Amino acid sequence: MSTNGTEHLGPELASALASALGRQSDLHVEATSRLIEALSESENKLRRRVEFLSQVVFELDDAGMLEYVSPAWQRVMGEDPMRCLRLPFRNFLREGYRQTFDDFFADTSRTRHTFQAKPERWESSWAKFSIARVPDGGFVGAIEDLFAEQSARSEIEMLSLVASATDNMVIITDARGHTTWVNGAFTRRTGYTLDDMEGRTPGSVLQREGTSRDVARVLGTAIHEHRSARAEILNFTKTGDPYWVQLQITPVLDTAGEVTRFVSIQTDTTERRAADEALRARSASLEERIAERTSELVAARRRAETATNSKSVFLANMSHEIRTPLNAIIGLSSLCLTTDLDTRQRDYLSKVERSAQHVLRIVSEILDMSKVESGVMTLEHRDFSMRTLLEQTEAITLHLAQTKGIGLTVVCDAEVPDFVVGDSVRLQQVLLNLIGNAVKFTERGSVDVRVAVTEREQEHAIVQFTVSDTGIGFPNEMANRLFDPFSQLDNSPTRNAGGTGLGLAISKRLVSLMGGDFQVKSTVGVGSTFSFTVDLALGDAQALMRQDMEKRDLAERGRTRCRGARILVAEDNELNQQVVRELLESVGAQVTIAGNGLEALQQLDAGHRFDAILMDVQMPVLDGMEATRSIRERSEGAAIPIIATTANATVEERQRCLVIGMNDFVTKPVDPDELFQVLSRWLDVHRDRVTPEETTPAPSAPTRDVSTDIIMPNLDLTALEKIVGGDAAKVTRLLGVFMTTTQKTLTEMDVCVASGQIPSVGRLAHRLRSAAATVGAHRIARKCEALESSIGVADAPARTARRVAEMHELFADVEREVARRNQSAELA
Amino acid sequence: MNARTTALLLVGFENDKYAATGLLRGIVESAERIDAALARTLRFMRAVALLPVVVISTPIAFDPAEASTTKPRGILAAIRGMGALQRGTWGAEPVAELAEFSSVITTIPNRRGFNAFTDTGLQEILAERGVRTVLIAGNSTGLCVDATGRTAAELGYDVTILTDCIYGRTLLEDRVYCEQIFPLYAHTATSTEVLDLLQAPRVD
């Protein structure tokens with residue numbers, strides 16, 4: 001470092017010296033500045049000249065790299081000029097043409113070289129390259145596009161061929177449109193010879209009253225502007241007969257690109273038009289009728305679609321609205337029933353629970369019906385035990401029968417295979433429906449269930465289920481109506497037995513889905529017999545046992561895994577929150593509740609970490625779908641298992657959840673075993689990965705903040721390092737994710753600014769802000785905040801553009817700091 | 001580089017030169033360079049504000065009624081003729097973005113020529129603060145920055161021009177000065193490079 005040479009002078013003298021030096025230098029400074037201005041102007045002038053040329057002008061350095069290309073490069077070579085600088089010139093020649101340049105380049109005795117070659121990017125175009133060696137080093141050159149010249153030449157060749165060989169009429173005119181030549185076909189059709197036509201414009205001879213003025217004007221303008229044109233026009237022969245021609249006028253260019261003449265090729269369309277006219281007249285009435293009918297059909301279809309859609313939406317919504325509170329009622333009642341209660345309380349509460357279960361069943365039926373009707377009902381194919389299924393069914397219904405004082409027998413023939421493959425839940429649903437109905441309509445006697453095989457082959461069997469009762473029966477004409485949705489025996493004294501009237505309709509459709517038939521026989525006052533068949537594949541006993549064991553194990557493992565696990569429950573309904581909290585806390589999980597998607601995000605933003613998130617799909621403020629999307633966009637949210645909880649249990653919903661980035665799905669009301677099975681899958685994977693107590697740090701793993709050695713004004717990694725327990729490699733990885741996503745976000749912002757979508761910039765800034773805050777890029781975070789707040793103001797576009805530009809600057813700084821930090825981390 | 005003996009000279013940060021509606025903005029080629037240079041200068045200042053670096057601003061302004069002997073000539077006269085940089089007007093006030101540094105900046109208000117050392121007392125302030133190294137940011141490259149830089153060098157200071165925090169009227173001007181003229185008497189470096197030097201651990 002040099003020292004201040006004026007220190008010894010004393011302050012006053014030094015100041016005087018400074019002023020004197022200053023005044024002296026001003027003149028020199030101004031002189032230099034004026035020289036530079038003159039140089040700028042001269043360079044601009046030169047640049048304007050070069051940039052105006054249709055030829056490319058280029059400059060290469062000693063090594064043959066492009067140092068300068070004029071704007072015509074884009075058109076002639078098909079590449080963005082700025083992207084080509086500093087790249088080898090030879091790369092822009094097609095492979096077969098590079099050698100000629102290489103030879104010239106290597107032979108220093110040659111000063112100039114001109115050759116024709118094809119540019120790398122164009123399929124067919126030729127260009128002429130002229131290159132000169134500059135004595136001081138490097139090369140200058142020009143490229144001329146030969147495409148226009150070639151195409152004009154080939155066009156003339158083609159036209160002469162056409163003109164002599166065709167039956168079409170051909171007229172050639174000079175650049176002003178005056179006829180210079182006509183072919184024989186023209187003379188034959190019109191009666192005009194070249195003598196009649198020469199020196200006159202075709203229009204002035206051939207067009208009369210009846211010719212469309214508009215079409216004639218379009219053709220005249222095209223010729224005037226030296227463009228090609230195509231039209232159909234009415235002309236007249238020498239004897240005054242009208243005829244229609246389809247004509248194509250093409251300008252012919254010379255090598256300089258100037259128009260020298262026009263060629264007009266004309267096809268006689270008189271006959272075709274007459275035929276068309278006749279056909280049009282004939283089909284007009286038919287078309288009208290078709291159009292009328294089509295519009296009727298379209299309207300009918302639209303009405304039908306609207307009706308179906310509103311029904312589906314209504315059902316789905318209703319199902320959601322009812323099932324969510326029911327979930328709470330059933331869950332809380334059963335929790336409450338496990339506590340100390342007196343007899344009366346227990347009785348009331350049991351009734352509450354049972355009633356809720358009943359309502360739930362009705363809702364489920366309605367949902368099932370809509371699923372079956374819309375074709376989205378899919379059956380499971382799992383191994384199950386037929387005898388276990390029948391035992392369970394009997395156990396469920398025996399209580400009902402006993403209460404009414406009637407008998408219930410279930411008999412399964414020995415030939416019925418025990419291990420089968422199918423949808424046991426749906427099969428049981430049908431059986432419960434039939435047995436339930438039978439018990440409901442029988443006052444004395446018994447209900448008998450019999451299961452038999454009607455057909456058995458190597459791999460499958462047709463099994464018949466028959467449910468007979470000694471109840472009131474019904475007249476035969478009622479039999480068919482029974483299976484209609486919402487039909488009930490209105491006059492029946494047991495109408496008050498309740499139900500939706502959907503049970504049989506659903507059962508019949510389910511049986512049909514399972515490849516079977518339904519049959520009904522009944523005699524009033526004697527009883528009814530309902531029977532149905534299903535086609536079942538034969539199963540494997542071991543698979544079934546394994547499956548059962550696995551399920552139980554999974555649920556058990558889930559309970560164990562939950563111990564100490566941090567689980568975020570995003571759920572807007574307070575009661576449901578409580579239910580899930582109790583469930584999870586009962587097995588030792590740490591539960592955090594978020595009332596909506598936004599709160600869930602805030603939990604993550606606040607740096608809280610979770611081993612899993614249970615995400616309600618429908619929530620106010622920010623729903624589960626949106627919340628999941630946001631979480632997945634964050635570096636810290638990419639790996640958290642998100643499990644959807646929804647009462648809207650459709651196949652589409654499940655797919656939507658998975659597509660948006662959720663990992664799994666639990667239906668509400670939540671079944672504890674199912675919940676723990678699902679959790680066991682995800683807690684397993686996740687906790688092995690990030691939970692600190694399960695991570696054994698490598699002995700050499702740096703736990704120290706690697707960045708403390710470097711001053712990073714734009715990046716404060718303290719928080720991030722805390723989150724990953726000081727693991728430098730994780731910090732590097734997370735920073736990598738942040739840099740990539742931010743780069744992407746900035747690009748998106750640029751696009752939005754360029755296309756004027758200012759509010760979108762705000763949303764992007766919102767997204768970037770929390771990520772920036774997480775990695776400690778606080779300046780970017782603050783800039784995002786400023787950006788978000790400036791979206792609504794009057795001069796938003798200009799302000800936003802400026803702030804986005806600043807954001808790029810900030811990001812470039814962060815990028816440098818991250819690079820330096822990563823270097824140090826590597827060294828460490 | 002020792003932050004304790006370093007001064008950052010801000011040469012000409014007036015509204016007429018930097019603000020979006022400034023009178024002199026229109027004559028600058030690729031005016032987005034102005035915003036970029038300002039953004040980088042501000043960023044540099046935020047880092048510098050944490051260090052013991054002296055920060056001095058030397059705005060230029062013309063008095064409406066000046067004695068004929070001190071009236072500007074040449075380019076300065078042309079600028080005054082445009083009505084730019086008139087004392088007491090918004091155009092001559094420091095650009096708003098500098099406000100956040102008001103407690104850090106020492107302002108020398110009476111510059112009337114290109115050179116920040118001419119009749120301003122700048123040299124006394126630098127001597128008082130024990131400055132040995134001068135960093136220059138501002139505009140325009142070929143006038144005020146060059147004039148001030150040359151004199152600083154002639155007075156014996158170690159001069160560094162912050163090449164990403166200055167701008168001239170044309171791209172050519174910036175290129176020629178940064179590549180050919182500044183190196184005759186000064187170091188040229190970007191603000192980031194200088195920040196690295198200022199923040200580097202130092203053995204005194």
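Predicted model: local features only at pLDDT ≥ 70, side-chain atom pairs only at ≥ 80, totals over all residues.
Entry 1. I began with the contact itself and found that chain B brings 47 residues to it, while chain A brings 37 residues. I then looked up the area buried between chain B and chain A, which comes to about 3500 Å², with carbon and sulfur atoms giving 53% of that area.

Entry 2. I turned next to the paired groups across the interface, where the count between chain B and chain A is six salt bridges. I noted one of them by name, the salt bridge of A:Glu37 with B:Arg169, in which the closest N and O atoms lie 2.9 Å apart. For polar contacts, I found five residue pairs between chain B and chain A, both residues of each pair being at pLDDT 80 or more.

Entry 3. Sorted by class, the side of chain B that touches chain A holds 16 nonpolar, 15 polar and 16 charged residues.

Entry 4. Last, I went to helix α18 of chain A, residues 624-633, and wrote down A:Gly624, A:Met625, A:Ala627, A:Thr628, A:Ser630 and A:Ile631 as buried. At the start of α18(A), I saw that a side-chain oxygen of A:Asp623 comes to within 3.1 Å of the backbone nitrogen of A:Met625.

Conventions
Residues numbered from 1 in each chain as written. Chains lettered and ligands numbered in written order. Heavy atoms only, no water. Contact = heavy atoms within 4.5 Å. Buried area = accessible area lost by both parts, 1.4 Å probe. Salt bridge = Lys/Arg side-chain N within 4 Å of Asp/Glu carboxyl O. Polar contact = N/O pair within 3.5 Å; in protein donor to acceptor, adjacent residues only side chain to side chain. Nonpolar A, V, L, I, M, F, W, Y, C, P; charged D, E, K, R; others polar. Buried < 20%, exposed > 50% of the residue type's maximum accessible area, 1.4 Å probe, protein only. Helix = DSSP H or I, 4+ residues; strand = E, 2+ residues; numbered from the N terminus.
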